[in-house]
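Trainee: Before I rely on the terms used for this model, could we go through them one at a time, setting each value against its definition?

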Amino acid sequence: MESKIDTLAKILKDSTRAVFFGGAGMSTESGIPDFRSADGIYNQNLHRRFRPEEMASHSFLVKHPEEFFDFYRQRMMFLSAAPNAGHKALVRLEQQGILAAVVTQNIDGLHQLAGSKIVYELHGSSRHWHCMDCGKTYPMKYALQEKNQPIPHCTECGGVVRPGVVLYEEALDDAVVQKALRAISAADTLIVGGTSLVVYPAAGMIDYFRGKHLVLINKTETKADAQAELVIRAPIGKTLAEAVDRLMNE
Ligand code: ZN
């Protein structure tokens, strides 16, 4: 009997504009916790007064900037995290003309670090910071410099410099969403990985897919399992790497 990895390799071989849609599970294999999982930070009591979701919100950044940046540096930044086998497999697929785009809910920037060129980050990126007043951009490491503690300020105008991520109460960047939807609408294959598809609006985006092969790779059940051609219950990074190895060694 053909294994699911073989089937995935065959689907990829048949694809020229596949899209990968990834969630937190993509980064857990790089040591970054899934914020929303049962033992993730959103379900922990980290602070005596505030819940983590509250601390990752726009109003919290405005009202309690010191605590916001303290929380953000400690809990939302993973400086030593490196791309895993799954990120690298997606780079190979892009280079082979199989994968057209990566759409991700993650903010760690690991896809670009691995070498992917077309990446749509629905929730922004922790690697790019900017001044809330004048928009001047800063690299992530600016926020970590001693002189910028506890609150990083802009060298041009003195405004607060914040991470370029979508916080609670903030809308997704419409331009990014439109590009992601265009890629998904035009895709011949959609691989959804490392997400249980519960977080909207990102999760609703897969409804735009009209292509041939829908593949779901996740450790637990997802909302779209019934619609999929192939469902693989396994870690996403390992699965992608095996399928791409199979494909390349044929
Ligand atoms: Zn500024």
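Trainee: Which elements each supply at least two residues of the lining of the second largest pocket, and what makes a space a pocket?
Mentor: Strands S4 and S6 each supply at least two residues of that lining, and S4 has the largest share, with four residues. A pocket, on a 1 Å grid over the protein atoms alone, is an open set of points with protein on both sides within 12 Å along at least five of seven lines, whereas a cavity is a set where a 1.4 Å probe fits but cannot get out; lining residues have an atom within 4 Å of a point. Helices (H or I, at least four residues) and strands (E, at least two) are DSSP runs numbered from the N terminus. The model is a predicted one, in which local features need pLDDT of at least 70 and side-chain atom pairs count only at pLDDT 80 or more, while totals for chains, interfaces and linings use all residues. Residues are numbered from 1 along each chain as its sequence is written, and side-chain values use heavy atoms, with hydrogens and water left out.

Trainee: How much space lies in the second largest pocket, and which residues are closest to its centre?
Mentor: The second largest pocket holds about 200 Å³, and of its 15 lining residues Gly-124, Ser-125, Gly-164, Val-165 and Asp-173 are the closest to the centre. A volume here is the space filled by probe spheres set on grid points, which are joined across faces, edges and corners. By class the lining of this pocket has five nonpolar, six polar and four charged residues, where Ala, Val, Leu, Ile, Met, Phe, Trp, Tyr, Cys and Pro count as nonpolar, Asp, Glu, Lys and Arg as charged, and the others, Gly among them, as polar.

Trainee: How many cavities of 30 Å³ or more are there, and which residues line the largest?
Mentor: The count comes to one cavity of 30 Å³ or more, and the largest cavity has a volume of about 30 Å³. The residues that line the largest cavity are Thr-104, Asn-106, Asp-108, Gly-109, Leu-110, His-111, Gln-112, Val-119 and Glu-121. The lining of the largest cavity divides into two nonpolar, five polar and two charged residues.

Trainee: Which atoms are the protein donors of the zinc ion, and what makes their arrangement the kind it is?
Mentor: The SG atoms of Cys-131, Cys-134, Cys-154 and Cys-157 are the protein donors, lying 2.3 Å from the zinc ion; donors are N, O and S atoms within 2.8 Å of the metal (3.2 Å for Na, K and Ca), and sites may look incomplete because water is not among the atoms. Four donors count as tetrahedral if all angles lie between 85 and 135 degrees, and the four donor atoms here subtend angles of 97 to 117°, so the arrangement is tetrahedral. Along the chain the donors follow the spacing C-x2-C-x19-C-x2-C. Cys-134 lies in the loop between strand S4 (124–131) and strand S5 (137–139), and Cys-154 in the loop between S5 and strand S6 (161–165), so the pair ties together parts that are 20 residues apart in sequence.

Trainee: Are Cys-134 and Cys-154 buried, partly exposed or exposed, and how do you know?
Mentor: Buried means under 20% relative accessible area, exposed over 50%, and partly exposed in between (1.4 Å probe, protein chains only). Cys-134, at 43%, therefore counts as partly exposed, while Cys-154, at 6%, counts as buried.

Trainee: Why is Met-132 given the class it has, and which residues does Met-132 touch?
Mentor: Met-132, in the loop between S4 and S5, has a relative accessible area of 32% and is therefore partly exposed. Contact means heavy atoms within 4.5 Å, and Met-132 touches His-58, Leu-61, Val-160 and Arg-162, not counting residues up to four places away in sequence.

Trainee: What class does Asn-84 fall into, and where is Asn-84 placed?
Mentor: Asn-84 counts as buried because its relative accessibility is 8%, and its place is in the loop between helix H5 (65–75) and helix H6 (85–95). Leaving aside neighbours within four places in sequence, Asn-84 is in contact with Met-26, Glu-29, Ser-30 and Gly-237.

Trainee: Why is Glu-169 classed as it is?
Mentor: The relative accessible area of Glu-169 is 58%, so Glu-169 is exposed; phi of this residue is near 75°, a positive value in a residue other than glycine.

How values were computed: Four donors count as tetrahedral if all angles lie between 85 and 135 degrees; four count as square planar and six as octahedral if opposite donors are over 155 degrees apart and all others between 65 and 115; anything else is irregular.
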